[in-house]
Structures are given as C-alpha cells and as structure tokens.
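This note is meant to be read beside the sequence and the structure. Please keep both in view while working through the numbered points.

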Amino acid sequence: MSRYWSDHLADLAPYVAGEQPKVANLLKLNTNEHPYGPSPSVLEAIKGAATDRLRLYPDNECTALREAIAALHGLQADQVFAGNGSDEVLAHIFNALFRRAGRPLLMPDISYSFYRTYCKLYKIEPDIVPLAADYSIRVADYTARHAVAPAGIIFANPNAPTGMALSLDDISAIAGANPDIPVVVDEAYVDFGADSAVALLGRHDNIVVVHTLSKSRSLAGLRVGFAMASAEIVDGLNRVKDSFNSYPLDSLAQAGAVAALRDTAHFDRTRRAVMDTRDGLAQQLATLGFQVLPSQANFVFARHPQFDGAALSHALRAQGILVRHFKLPRIDQFLRISVGTPDDCARLCNTLAEILTKTH
Ligand code: PMP
C-alpha cells in the first residue's frame with residue numbers, strides 16, 4: 001500500500017493477464033487469440049476513418065455498431081450495449097446489476113477469473129458454486145431455492161478455462177428459475193461451437209448475453225465487446241457508462257467493428273478452420289496420453305496423468321511455446337492451450353512428445 005492510495009486498493013486482487021511476450025519467435029498459444037487475421041474490410045474501414053475527423057469526439061452511443069449488432073441478432077438497437085472490450089462491459093454489468101446489499105453473486109468455482117476481481121472492486125460477495133467432478137456446471141445448483149436471495153448469476157458459456165458448454169435448455173432452466181435476478185451469460189467463445197442464449201432473450205428478459213470481437217472476429221487489439229439484454233437492463237448499463245466514460249469506443253474501433261460484423265463469409269471460414277484444427281489437436285493430445293475436456297471454444301484444457309502441469313508449461317516455455325497454466329485449486333494440473341494454425345498445433349504436439357519422452 002502507498003500512503004497516496006485510496007483505502008479499498010488494499011483489498012483488490014487484480015486480474016493477471018496471460019503473458020504478452022516482448023521477444024519475437026515465441027509461439028503464443030496462451031491468450032486465446034485468433035490465429036488468422038481479421039477481415040480485410042476491417043483494415044479498410046479503419047483506414048477510411050483515419051482522417052482529420054479524428055478531431056471530433058466519436059459517436060458516444062455507437063449507433064451504427066449497435067444497429068449492426070441488433071440486425072445480426074434480430075434485436076432492437078436499444079437492447080445492445082457496447083464497450084471497450086467485453087471486460088469493460090462486464091465491469092459495468094457488475095457495477096450496474098450486482099451491487100445489492102446483503103445479496104451474493106452466484107458463480108462457478110472455476111470460471112473466468114476476472115469475475116472475482118470485479119467482486120472485490122465493487123464489494124460484491126461471491127457465492128462460489130463448485131463445478132461437478134467432470135468440470136461441468138451443475139444446473140440444479142442454480143435452479144434450487146437459495147437460502148439468501150442472490151443478486152444475480154454469472155457464468156461463461158462455453159465456460160473458461162474448461163471450454164465446456166451448457167445447452168440452451170439448461171440456460172433457459174436457470175433463467176426461468178430465477179426470474180427476478182439478472183442471469184449473465186458470458187459468450188466470449190460461443191462462436192466456436194456452442195449455442196447463443198440470444199435466442200432466449202424473447203422468453204427471458206432477465207438474461208444478459210455478453211459477446212466480444214476479440215476471439216471469433218480476430219480483433220483482440222481493437223477492444224470491442226457488447227452486451228445484449230432487455231432495454232430496461234441496457235438502460236441501467238448506460239447509466240453506469242455515462243457516469244464513468246461516455247466515449248468508450250473510439251471512431252476507428254467503431255468503424256472497424258461494423259465492418260467485422262458485416263463480413264460473415266470471413267467470420268464463418270476462419271472460425272470453422274479453428275474448430276476443425278481444435279478437434280484434431282484434441283485427438284493428438286489424447287494420443288499423447290492427455291485427458292482433454294470436451295471443448296467448444298478456441299482452446300483446449302488438458303492434463304497429463306503422469307506429468308505436472310506447471311512443469312510442462314515451463315518446459316514448453318523453454319522451447320518457445322507459451323500456453324496458460326493456472327495455479328489454482330482443482331485445475332493446477334491442466335494446461336489451457338489456444339488453438340493456432342495446423343502448423344502451430346503440430347509444433348506444439350511434436351514438442352510435447354519430445355518433453356514427455358525426455359522426462360520419462
Ligand atoms: N470473458 C471471457 C470468458 C474471456 O476469456 C475473456 C478474455 N480474456 C473476456 C471475457 C474478455 O475479452 P475482451 O475484453 O477482450 O473482450
């Protein structure tokens with residue numbers, strides 16, 4: 001603590017992002033970035049927006065972007081909220097929806113670790129619900145009556161870092177059993193094989209679906225995320241946004257994001273390539289003796305019964321390959337490996353095969 005800091009900084013537990021290496025030639029399979037670039041039309045749109053109009057503030061309501069998202073998902077524009085990456089959107093969701101006196105937030109023990117960080121930042125009590133032994137979310141834990149009425153529910157679908165997904169029937173059951181609280185479904189990875197809960201918005205006005213352009217649109221560097229929900233919930237998010245930063249998305253990001261959403265051909269081609277490569281990677285890892293959880297994301301989560309997770313992660317790093325390892329209960333033997341190109345995955349598997357034979 002510094003004597004200059006606000007009191008609550010002592011309690012924070014900041015999110016630790018995956019390494020962004022400063023040296024070249026490392027194979028980055030640690031932050032779930034897309035191995036193929038964004039649509040060329042995105043680069044054109046950004047170049048087109050890089051004019052002297054940058055002297056003006058951007059559209060604070062992200063009108064064109066929200067309309068493009070609404071059209072894509074069959075919603076009204078007032079059901080869409082855009083932010084500077086889905087992390088910012090999630091932060092506003094925690095602030096706007098989950099700060100209810102004496103009421104905890106239900107979330108899985110293994111999920112996106114930023115949720116716990118936001119709980120600390122906004123002084124929200126988490127009510128941590130363990131995943132089942134097979135690492136799936138147990139729906140009954142969220143549909144049962146709770147001793148203390150929760151402030152809300154949040155989980156990622158597919159979950160991170162497991163990659164495992166719930167069906168829409170399961171999500172509908174959770175939302176239906178909790179009609180008076182927001183149920184937030186973080187769909188950062190949904191485009192790699194799971195079904196989007198956007199389809200449930202007409203039936204459940206307590207569902208909030210969060211998307212990002214960082215993964216399936218290959219735009220992690222642009223920082224664009226958005227939430228889709230009832231106009232009433234979006235209104236609450238706007239109150240927080242306009243009490244924090246009215247211009248979260250710059251004009252270049254807004255132009256690039258609209259172009260990305262319009263190029264459905266590029267989107268479909270590249271996400272399908274990632275899904276195909278993922279299924280091959282999972283098979284190869286299984287052949288090497290890994291237990292691989294069934295992934296519907298652009299990463300796989302795998303452990304080897306005979307080799308320590310941290311040691312494997314270090315050995316890969318020494319060979320120039322970055323994967324993500326979490327020193328956390330229940331998952332400290334796992335590696336989270338982002339799906340790269342087929343060549344990237346072949347290099348990873350060959351290197352792992354060498355490490356396994358050398359250290360045996
Ligand atoms: N949700 C989940 C589950 C994630 O893994 C990530 C990426 N770290 C995010 C949200 C945030 O993504 P971004 O801020 O790049 O949109």
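This is a predicted model: local features need pLDDT of at least 70, side-chain atom pairs count only at pLDDT 80 or more; totals for chains, interfaces and linings use all residues.

1. Which side chain holds an N or O atom 2.7 Å from a nitrogen atom of the ligand? The side chain is that of Asp-186. The pair is a polar contact, defined as two N or O atoms within 3.5 Å; within protein, one must be able to donate a hydrogen and the other to accept it, and residues adjacent in sequence count only if both atoms are side-chain atoms.

2. Residues are numbered from 1 along each chain as its sequence is written, and side-chain values use heavy atoms, with hydrogens and water left out.

3. A backbone N or O atom of Ser-86 lies 2.7 Å from a ligand oxygen atom. Tyr-189 places a polar side-chain atom 2.6 Å from an oxygen atom of the ligand. On its own the ligand has 400 Å² of accessible area, and the protein covers 92% of that area. Such areas come from the Shrake-Rupley method with a 1.4 Å probe; for residues, only the protein chains shown count as cover.

4. The surroundings of the ligand comprise 14 residues, a residue being near if one of its heavy atoms lies within 4 Å. The closest are Ser-86, Asp-186, Tyr-189, Thr-212 and Ser-214. By type, the shell divides into six nonpolar, four polar and four charged residues. Here Ala, Val, Leu, Ile, Met, Phe, Trp, Tyr, Cys and Pro count as nonpolar, Asp, Glu, Lys and Arg as charged, and the others, Gly among them, as polar. Helix H3 (residues 85–97) gives the most to this shell, with four residues. Helices (H or I, at least four residues) and strands (E, at least two) are DSSP runs numbered from the N terminus.

5. Ser-172 belongs to helix H6 (residues 168–177). Its side chain makes a polar contact of 3.4 Å with the side chain of Arg-203. Ser-172 counts as buried because its relative accessible area is 12%; buried means under 20%, exposed over 50%, and partly exposed in between (1.4 Å probe, protein chains only).

6. Most residues other than glycine have a negative phi, and most peptide bonds are trans. Which peptide bond is cis, with omega near -10 degrees? The bond from Asn-157 to Pro-158 is. Another cis peptide bond joins Ala-160 and Pro-161, with omega about 5 degrees. Pro-158 is in the loop between strand E5 (152–156) and H6, and Pro-161 is likewise in the loop between E5 and H6.

7. Positive phi values also call for a check. Asn-32, which is not a glycine, has a positive phi of about 55 degrees. Asn-32 sits in the loop between strand E1 (27–28) and helix H1 (40–49), and is buried because its relative accessible area is 1%. Lys-123 has a positive phi near 55 degrees and lies in the loop between helix H4 (114–121) and strand E4 (126–129). Is Lys-123 buried or exposed? Lys-123 counts as exposed, because its relative accessibility is 57%.

8. Leu-9 lies in the segment before E1 and is partly exposed, at 30% relative accessible area. The C-alpha atoms of Leu-9 and Leu-316, 307 residues apart along the chain, are separated by 35 Å.
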